[in-house]
Amino acid sequence: MNIALIIAGGRGMRMGQEIPKQFLTVNDKPVIAYTLEAFEKHPDIDVIAVVCVEGWESILAAYARQYHISKLKHIIPGGQNGQGSIRNGVFELEKHYGKDDIVLVHDAIRPMVSQDIISGCIATTVAHGSAIVVVPCQEAMLETDDGVSTNSSYPRDRLKRTQTPQGFPIGVLADAHREALDKGITNSVASCTLMVELGKTIHFCAGSEKNIKLTTPDDLEIFKALLTIRGL
């Protein structure tokens with residue numbers, strides 16, 4: 001069983017909009033609908049669950065009906081931060097599925113995730129017990145203490161830029177969240193950073209520069225351009 005856990009629990013203040021960014025409309029379709037459709041059409045995804053920002057649950061359900069997202073089985077309340085939202089989702093899935101079933105944790109605001117990325121994430125999780133979608137770091141990386149100047153750099157070949165989805169067996173990820181609570185780790189920014197903070201080894205799979213995260217208004221413009229290229 002492969003389950004997509006879509007994290008849509010944030011409000012995204014950096015976008016400068018009253019509407020949570022996952023519900024913004026682009027080309028007459030909400031962002032989250034693009035994301036849901038990517039997992040809906042993947043043949044190896046069996047179930048979709050969404051961790052939803054408070055007050056938008058009924059709108060999400062309506063969009064699922066409108067865009068024929070038949071695999072959506074769970075709408076789960078968001079947490080106080082990203083880690084809390086993922087924890088809420090994983091703990092809920094743990095009630096319904098086996099510990100060896102795979103969960104792919106994915107940002108709702110990465111609507112351009114490809115079928116190949118989803119397939120690669122599933123395959124790597126099956127083979128290695130974890131899968132973090134990454135892309136190489138192409139830019140020169142500089143270190144700074146004051147934020148305005150530097151006299152040192154960091155080798156970019158030692159760095160990866162992480163994306164989502166990030167895959168684990170449900171039992172592994174649920175246990176990691178319990179361990180994090182026991183150790184007082186409450187604000188890790190992603191599943192991969194949580195695992196690293198707990199001293200776990202995680203494995204990479206290939207992402208794409210097109211698998212963008214919609215964080216700022218500039219990202220929306222890039223998303224619109226990518227949709228135009230696809231003819232959508």
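**Salt bridges and their surroundings**

Modeller: R178 counts as partly exposed, at 32% relative accessibility; buried means under 20% relative accessible area, exposed over 50%, and partly exposed in between, with a 1.4 Å probe and protein chains only. This is a predicted model, in which local features need pLDDT of at least 70 and side-chain atom pairs count only at pLDDT 80 or more, whereas totals for chains, interfaces and linings use all residues. Residues are numbered from 1 along each chain as its sequence is written, and side-chain values use heavy atoms, with hydrogens and water left out.

Side chains of opposite charge can pair when their charged atoms come close. The structure holds nine salt bridges, a salt bridge being a side-chain nitrogen of Lys or Arg within 4 Å of a carboxyl oxygen of Asp or Glu. One of them joins the side chains of E94 and R178, at 2.8 Å from N to O. Because E94 belongs to helix α3 (residues 82–94) and R178 to helix α5, this pair ties together parts that are 84 residues apart in sequence. Helices (H or I, at least four residues) and strands (E, at least two) are DSSP runs, numbered from the N terminus.

The closest N and O atoms of E221 and K224 are 3.6 Å apart. E221 is partly exposed, with a relative accessible area of 48%, and K224 is partly exposed at 33%. Elsewhere, salt bridges that share partners join E94, D175 and R178 into one network.

The pair of D107 and R110 has its closest N and O atoms 3.2 Å apart. Here D107 is buried, at 18% relative accessible area, and R110 is buried at 9%. R110 is found in the loop between β6 (102–107) and α4 (115–128). Not counting residues up to four places away in sequence, R110 touches T35, T162, Q163, T164, N211, I212 and K213, where contact means heavy atoms within 4.5 Å. Among these, T35 is a buried residue of α1. Nine of the ten residues of helix α1 (residues 31–40) are buried, so this helix is largely enclosed by the rest of the structure.
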